[in-house]
Amino acid sequence: MQIQENMSLMEKLQILSDAAKYDVACTSSGVDRSGNGRGMGNCIAPGICHTFSGDGRCVSLLKILFTNECIFNCSYCLNNCNNDIPRASFTPDEVCTLTMEFYRRNYIEGLFLSSGILKNPNYTMDLIYQTLYKLRVECGFNGYIHVKAIPGADPVLIEKTGFLADRMSINLELPTAEALKKLAPYKSRSTILKPMRQIQNGISNQALLLSDYKQKQPLRVQTKEFKQFVPAGQSTQMIIGATPENDFQIMSVAESLYRNFSLKRVFYSAFVNVNQNSDLPVLPGGPPLLREHRLYQADWLLRYYHFSVDELLSEDNPNFNVYLDPKCDWALRHLEYFPVEINRASYQTLLRVPGIGAKSASRIVKARRSAKLNFTDLKKIGVVLKRALYFITCSGKMMYPTKLDADYICENLLRDQTQIPKEIRNSGYEQISLFDVGMKESSRQISST
Ligand code: SF4
């Protein structure tokens with residue numbers, strides 16, 4: 001382990017932003033919080049991910065580790081204690097300086113703070129708490145903060161931190177307890193699920209208190225004065241492809257997390273083989289990005305399209321079709337439900353049509369109240385007709401004479417190049433670095449302040 005003394009802030013930032021790039025932090029659901037007139041910054045509910053890197057990762061957060069020193073030896077992790085890599089740790093004041101200075105320069109809209117385990121879980125969680133306390137109370141930072149809860153940390157520390165953060169997450173890391181035991185022997189399902197449950201209970205208790213508080217307080221002093229606990233909800237992350245679980249197992253775990261722990265998001269992170277460890281698979285084709293993409297598509301279907309995992313996959317068909325998105329794949333296996341008549345179908349039925357999203361389905365239901373819709377109307381509404389045309393009729397007619405035959409439709413859908421995203425089709429895998437996005441100069445300025 002290389003621990004360098006007297007490292008500059010710039011050097012630490014280089015190490016600790018690079019070390020954080022394997023944490024997924026894209027956030028499509030944030031929290032509404034206007035400026036409080038005293039501190040700096042605000043939050044909006046649609047989230048803060050305005051830009052994505054070529055490989056789909058969000059770059060609008062200052063994404064750093066508090067430290068990449070770690071007492072644990074998770075085999076898949078670059079920061080594991082057996083690796084001989086440069087190590088660094090911030091102080092709470094340094095994280096505050098970086099966050100405030102980047103925020104002032106409009107480079108970031110929030111902070112994502114994760115960490116290795118320094119000394120022990122409580123010691124690390126306390127440092128994270130101190131950082132958030134300084135940022136919120138002493139610096140008056142009112143922007144978005146996503147912070148990791150450290151498995152095994154004292155529940156009191158997690159609770160105190162939860163009142164300062166917008167989102168908290170605890171990584172499930174791997175889909176099964178056996179996989180965790182094999183690759184992350186110092187972690188266990190119980191040390192991960194216990195704080196997850198604590199955060200879930202904290203959020204739901206707060207929701208009850210808040211509604212009670214709103215009823216008793218006059219409008220103008222409502223939510224601004226009310227200390228909220230993890231108002232943007234909690235999320236988790238699973239590594240995909242480091243262990244042999246199939247998509248059915250992974251999506252079943254995700255579904256159960258949404259149902260039983262009220263998670264806001266499950267993130268899927270394609271395994272990047274950064275360590276030469278015999279327990280880890282060799283992936284000649286690089287990280288399984290297409291698989292990761294299909295899992296995200298399916299996750300979307302669970303959360304917004306009322307699909308269940310059992311409808312998409314089964315023991316006999318345990319992996320997603322790499323060539324087709326999960327909704328098209330489902331539709332081709334259930335042609336008995338099609339074609340759907342646009343002017344009569346329920347909202348729920350419309351949601352199941354490839355090429356019709358949640359917004360388009362709502363618009364269709366609204367628009368057809370005043371007139372019967374035709375294919376030109378659907379195009380204006382935003383329906384992706386090149387995908388939907390095989391599955392719908394307007395006033396009993398299809399767009400073109402076409403066969404309702406799985407092979408025929410599949411062949412035509414595959415001509416639609418959007419079935420496999422351009423970034424995955426054309427490029428290899430490249431992790432983006434904070435220093436790739438034009439912040440090098442500013443980082444230097446900050447480090448010298
Ligand atoms: S605890 Fe976290 S930082 Fe430490 S080795 Fe495991 S995954 Fe890496």
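**Sheet edges and helix packing**

In strand β4 (residues 110-114), Ser114 is the bridge partner of Leu65. The model is predicted; local features need pLDDT of at least 70, side-chain atom pairs count only at pLDDT 80 or more, and totals for chains, interfaces and linings use all residues. Residues are numbered from 1 along each chain as its sequence is written, and side-chain values use heavy atoms, without hydrogens or water.

β2 and β4 pair in the parallel sense over five bridges. Pairing requires at least two DSSP bridges between two strands; strands are DSSP runs of E with at least two residues, helices runs of H or I with at least four, numbered from the N terminus. The open sheet has six strands in the order β2-β4-β5-β6-β7-β8, with parallel pairing. β2 (61-65) and β8 stand at the edges with a single partner strand each, so one side of each lacks a neighbour in the sheet.

Met238 stands opposite Tyr268 in β8. Six of the six residues of β8 (residues 265-270) are buried, so the strand is largely enclosed by the rest of the structure. Buried denotes under 20% relative accessible area (1.4 Å probe, protein chains only).

Helix α3 (residues 121-138) also meets helix α2 (residues 92-104): their axes come within 9 Å and cross at roughly 45 degrees. α2 is therefore oblique to α3. Axes are lines fitted to C-alpha atoms, for helices over the stretch in contact; angles run from 0 to 180 degrees between N-to-C directions.

How values were computed:
Parallel < 35°, antiparallel > 145°, perpendicular 65-115°, else oblique. Buried < 20%, exposed > 50% of the residue type's maximum accessible area, 1.4 Å probe, protein only.
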